[in-house]
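Reader: Please show me the sequence and the model, and then let us go through a few of its elements together.

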Amino acid sequence: MIPHNFPSPSIQIIGHGLAGAILTETLSEAGLRVSVFDDGGTSSSQVAAGMFTPITGRRLIPSWSLEQALPAVNQFYPTLEKQLGTSFFHPLSTVRIFRNEKEQTEWKQKRDKGFTKALNTGELPFQSPFGACEIVGGGWVDLPCMLEGLKQRRLQKKEWGEFESPDITIWAEGVRAADNPLWKDVGWRNAQGDILTLKIPGLPEDRIYNFGKFLVPLGNQTFRCGATYAWDETSPEPRKAGREELETVLGSVLTLPYEILDHRAGIRPVAVARVPVAGPHPEDSDQWIFNGFGSKGVLMAPWMAECVLNKILRGEDLPKETQSIRRILRQRDRIKTYKFLRK
């Protein structure tokens, strides 16, 4: 909560995707004066599978700042569920199927016993000649359900709309940041992703499955399958090549028949540094950013929103890697160096 006699600034948040919605909720619950504006444009949050996992990548290493981010996940979403009176937070373990001997060997040599354990895949309908492990501590969030609940909450609290002259504007506009003159110098490499919705009778729905792609259980024998990464793709439209890629990988491991129910796509806002970016602009301290979460928004946004809150209330430094001033100035230096070397 805000300290006694703290003069709360008016804070305008632009964008009500995953990042903007969580930030608005966090600042509002702390007692700050906030309002969020969203023009209803395409948001990757409406398409994303909403997964989170404590360890990631082919080498199964802990996610960046996991020690801070994971406790925030397990506090924020269950609390919000109770407040909204709905269900959207689904903690589930993940079956990680190794695709080659190298992945299997790396896991055996470096495995984090706190989050992974051996798994017998004999009864699972997957081809898994190199075995698998089980990852605990992850799950998924039904983002459209949560975002709609938060929108109604903002409307009820009269926190939806635009301030006439806000003290601080925080931009959480997703992929649009790459075209925003304020934030284009952060350095962006956005990634389009295709996702299929499948019906797979007979596949157990008590786990997420990962085999280079993923299958997230949605209930009633339906699963979300994704996702592709088409770097620097500018269109959010589903791609035939993306569908074919997903079907090819799925067909190489899954031994059950399936039916495609839907094919969607979106563009993730991915910063070059591959970690979120937050805080004020180097030339305009009233303009802030909260963006660049890529596929880690569900995991990172609750903790990063708390960091922004502490920055506003107490002037605490944001995590060094995320500081927008640092990121912008470093990216500008890289561009100058590149142009100099090209001469």
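Reader: In what order do the three strands of the open sheet lie?
Author: This is a predicted model, in which local features need pLDDT of at least 70, side-chain atom pairs count only at pLDDT 80 or more, and totals for chains, interfaces and linings use all residues. Residues are numbered from 1 along each chain as its sequence is written, and side-chain values use heavy atoms, with hydrogens and water left out. Strands (E, at least two residues) and helices (H or I, at least four) are DSSP runs numbered from the N terminus, and two strands pair if DSSP finds at least two bridges between them. Strand 3 (51–52) and strand 6 (89–91) are the edge strands, each pairing on one side only, and with antiparallel pairing the order is 3-10-6.

Reader: Which residue of strand 10 is the bridge partner of F52?
Author: Strand 3 and strand 10 (residues 139–141) pair in the antiparallel sense over two bridges. In strand 10, the partner of F52 is G139.

Reader: Why are the buried residues of helix 5 on the same side, and how wide is their arc?
Author: Helix 5 (residues 240–253) buries G242, L246, L250 and V253, where buried means under 20% relative accessible area and exposed over 50%, with partly exposed in between (1.4 Å probe, protein chains only). On the other side of helix 5, K240 and T248 are exposed.

Reader: Is H281 buried or exposed?
Author: H281 lies in strand 18 (residues 277–281). With a relative accessible area of 7%, H281 is buried.
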